[in-house]
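Have the sequence and the 3D view open as you read.

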Amino acid sequence: MIKNFIFLFLLILSCSKAESQQLDALEIPQSKISEIKSFLQGKEYNQELVVFINFRLHSGKYRYFIYDLKNNRILQKAVVSHGSGSVIPHSDILQFGNVEGSYRSSLGKYEIRESYMGKFGKAYRLQGLDSTNSNAMERAIVLHSYGCVPDEESNRPSCLSLGCPMLSKKAFDKTAQYIDQSKRPMILYAFY
């Protein structure tokens, strides 16, 4: 009887772990994790923590993740906005761009730079590292909080930005702790 109980317990435990890993794979594909690990090798960026934004996921759902590369686990999940110019009317598909005034989100890797106090409070400058987001500094694309972004996921779409990734105040404050404690710059990787 005890052997059967232990077997059943281990089976349930292994299934729940496998289910958890499958959920993580939907949120952050393994190919993106491998890609960022390769990108970071030999560079002066934080080698253990990275921010992923999966714009493929619905804007009302958790699609912003702080990921622990060393232990292969998600440390933070949050709702994050995308740019109003990325919306295609009557479609669930998003479009992306790198042009000033487009109000589109840009895909690619960013270096999370210094913080500053702006009209939205504390914000972090984002330096685009790819051709798809090379104008981020000129466009003033920054990571910041905004009151219309919800703390919890839902089926309703999040509010829209002018191209910046915006978090709720609570999510931003948690993210700021990771960024501010990092001895090396962190990478944010937005993909679709």
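## The largest pocket

How do the residues of the lining of the largest pocket divide into nonpolar, polar and charged? There are 15 nonpolar, six polar and four charged residues, where Ala, Val, Leu, Ile, Met, Phe, Trp, Tyr, Cys and Pro count as nonpolar, Asp, Glu, Lys and Arg as charged, and the others, Gly among them, as polar.

This is a predicted model, in which local features need pLDDT of at least 70 and side-chain atom pairs pLDDT 80 or more, while totals for chains, interfaces and linings use all residues. Residues are numbered from 1 along each chain as its sequence is written, and side-chain values use heavy atoms, without hydrogens and water.

A pocket here is an open set of points on a 1 Å grid over the protein atoms alone, where a 1.4 Å probe fits, with protein on both sides within 12 Å along at least five of seven lines; lining residues have an atom within 4 Å of a point. Of the 25 lining residues, Phe120, Arg139, Ala140, Leu162 and Cys164 lie nearest the centre of the largest pocket.

## The second largest pocket

His58, Ser59, His82, Asp92 and Leu94 are the closest to the centre of the second largest pocket, among its 15 lining residues. This lining has eight nonpolar, four polar and three charged residues.

## Around Leu143

Looking beyond its neighbours within four places in sequence, Leu143 is in contact (heavy atoms within 4.5 Å) with several residues, including Tyr64, Ala123, Leu167 and Phe172.
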